[in-house]
Amino acid sequence: MELRGKVAVVTGGCTGIGRATAMALAGAGVRAVAASWTRSAEAAEEFVRLAAGHGCEAMTVRADVSDDAAVRSFASSVLERYGQVDVLVNNAGTTRAVAETDLDGLSDEIWHDLLDVNVVGAFRTTRAFAPALREAAGAVVNVSSISAYRAGGSSIAYGVSKAAMLQLTRNLASALAPEVRVNAVAPGTVATRWQTGLHGEAGFAERALAERELVPLRRTAEPEHVAQAVTGLLGMDMVTGETLVVDGGKHVRY
């Protein structure tokens, strides 16, 4: 796919991996990028300024992917403004830190919340934009996690939700073919506000330092590295239903 002149949508696009991906798309020449957000109006305003610095028009909409009406309204707003959508990046996600051994701490509420946002939210968003994506012969990239492949991570429910996202990717690749390609990226540890929120600044720095001893590339990924993988998949016109791991090679030593 040639990105120049296209319109892209990134859920959870105003911070972290979502913002880095949106800015990579802007740098690649998309004419407009739309991002959903749920928490920080300030981050949404900064997103618009950053996109403008790339010569790209931007819009932000407060839309929770766990709310189908909000997702459909988001899609309508984007299409009303731009008339097309060529790229969708399902990046919005959530987690709750619950120790793997604390089975009683993993309540039904947490399960429902994580599955609703991380899996069903990606489905809702893809469904809302599917007609436009079909018309544009577009592409979808889902942001999963290395937790889809291995035990551990922030909670059992988070890992299960991200594994389910990989199956969702395969099913959507079949359901939307031949017009739309659907792939996924599975980042390992990425230096984002998400990680410092879970572990604190000092805690994350300590964890990242220890992990680098196990990672073949000896680096901690930045959001921009995940964005590279997303844009790379968008350019692979004969690839669909696949997942690209972005963890500096750590998975080969698990």
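P178 sits in the loop between α5 (156–175) and β6 (181–187), with helices (H or I, at least four residues) and strands (E, at least two) taken as DSSP runs numbered from the N terminus. This is a predicted model, where local features need pLDDT of at least 70, side-chain atom pairs count only at pLDDT 80 or more, and totals for chains, interfaces and linings use all residues. Residues are numbered from 1 along each chain as its sequence is written, and side-chain values use heavy atoms, with hydrogens and water left out.

Most peptide bonds are trans, and most residues other than glycine have a negative phi. The bond from A177 to P178, though, is cis, with omega near 0°. A137, in the loop between α4 (108–136) and β5 (139–143), has a positive phi, near 50°. A137 comes out as partly exposed at 48% relative accessibility (buried is under 20% relative accessible area, exposed over 50%, partly exposed in between; 1.4 Å probe, protein chains only). R218 also isn't a glycine, yet its phi is positive at about 55°. R218 belongs to the loop between α7 (201–212) and α8 (223–234) and is partly exposed, with a relative accessible area of 44%.

Then there is the second largest pocket, which holds about 200 Å³ of space. Its lining takes in 13 residues, with C14, T15, G16, R19 and P223 lying nearest the centre. On a 1 Å grid over the protein atoms alone, a pocket is an open set of points where a 1.4 Å probe fits, with protein on both sides within 12 Å along at least five of seven lines, and lining residues have an atom within 4 Å of a point. Points are joined across faces, edges and corners, and the volume is the space filled by probe spheres set on them. The largest share of this lining, four residues, is from α1.
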